[in-house]
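User: Hi! I have a model open and would like to talk it through with you. Could you help me out?

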Amino acid sequence: MCLAVPGRVLEIAERDGTRMAVVDFGGVVKDVCLEYLPDLKVGEYAIVHVGFALQRLDEESARRTLQLFEELGLLQEEFGDPWEAAAAAAAAATAASAKQEEER
């Protein structure tokens with residue numbers, strides 16, 4: 001499932017001519033394009049879909065929606081467990097390194 005999820009803007013920067021933000025989605029932090037909402041500011045909330053901020057949202061609505069998504073398990077489904085993903089990536093890197101050592 002691909003949801004539009006509310007997130008809070010933590011940082012804003014220009015990257016390769018594109019206005020980008022670091023956005024917190026209830027503990028999961030992702031990069032988001034702000035081209036559709038060029039006047040969005042740090043601390044504000046927006047609905048984000050496939051990496052694009054699409055609509056400004058008030059804080060109360062954002063928090064209520066994030067809480068509901070969390071209760072329904074939709075945040076886990078959408079983003080996965082960041083610690084689990086990091087552990088899997090580390091295990092894959094270790095396995096690849098071990099395989100390279102064997103081939104030498």
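User: Which residue does Arg56 meet in a salt bridge?
Analyst: That would be Asp39: the two side chains meet at 3.3 Å, N to O. The pair links distant parts of the chain, with Asp39 in the loop between strand E3 (28–33) and E4, and Arg56 in strand E5, 17 residues apart.

User: And how accessible is Asp39?
Analyst: Asp39 has a relative accessible area of 44%, so it is partly exposed.

User: Which residues are linked with Asp39 in a network of salt bridges?
Analyst: Glu44 and Arg56 are linked with Asp39 in that network.

User: How many salt bridges does the structure hold?
Analyst: Five. Among them is a bridge between Arg63 and Glu59, whose closest N and O atoms are 2.7 Å apart. Another brings together the side chains of Arg64 and Glu60, at 2.9 Å from N to O.

User: Where do Arg63 and Glu59 lie?
Analyst: Both are in helix H1, four residues apart, about one turn of the helix. Arg64 and Glu60 are likewise separated by about one helical turn, because they are four residues apart in helix H1.

User: Buried or exposed, what about Glu60?
Analyst: Glu60 is exposed, since its relative accessible area is 55%. Glu59, with a relative accessible area of 40%, is partly exposed, and Arg63 counts as partly exposed at 48%.

User: New topic: which residues touch the most other members of the largest nonpolar core?
Analyst: Val23, Phe25, Val32, Leu34, Leu40 and Ala53 do, out of 14 residues in that core. At least two core residues come from each of strand E1 (5–15), strand E2 (18–25), E4 and helix H1 (59–71). E2 gives the largest share, three residues.

User: Let's zoom in on Leu40. What does it touch, leaving out residues up to four places away in sequence?
Analyst: Leu40 touches Val9, Ile12, Arg19, Leu34, Tyr45, Ala46, Ala53 and Arg56. Arg56 is the residue we began with, the salt-bridge partner of Asp39.

User: Now the strands. How many bridges join E4 to E5?
Analyst: Five, with E4 covering residues 45–49 and E5 covering residues 52–57; the two strands run antiparallel. Across this pairing, Ile47 stands opposite Gln55 in E5.

User: Which residue in that hairpin takes a positive phi?
Analyst: Val50 does, with a phi near 45°, and the hairpin has two residues between the strands.

User: Last one, on confidence. Which element has the lowest mean pLDDT, and which the highest?
Analyst: Helix H2 (residues 74–79) has the lowest, 61, while E5 has the highest, 95. Where pLDDT is low, the predicted coordinates should not be read in detail.

User: What does the chain average?
Analyst: The chain averages a pLDDT of 82, and 79% of the residues score at least 70.

Terms used
Residues are numbered from 1 along each chain as its sequence is written. This is a predicted model: local features need pLDDT of at least 70, side-chain atom pairs count only at pLDDT 80 or more; totals for chains, interfaces and linings use all residues. Side-chain values use heavy atoms; hydrogens and water are left out. Two strands pair if DSSP finds at least two bridges between them. A nonpolar core is a set of buried Ala, Val, Leu, Ile, Met, Phe, Trp, Tyr and Cys residues joined through side-chain atoms within 4.5 Å. Buried means under 20% relative accessible area, exposed over 50%, partly exposed in between (1.4 Å probe, protein chains only). Contact means heavy atoms within 4.5 Å. A salt bridge is a side-chain nitrogen of Lys or Arg within 4 Å of a carboxyl oxygen of Asp or Glu. pLDDT is the predictor's confidence in each residue, from 0 to 100.
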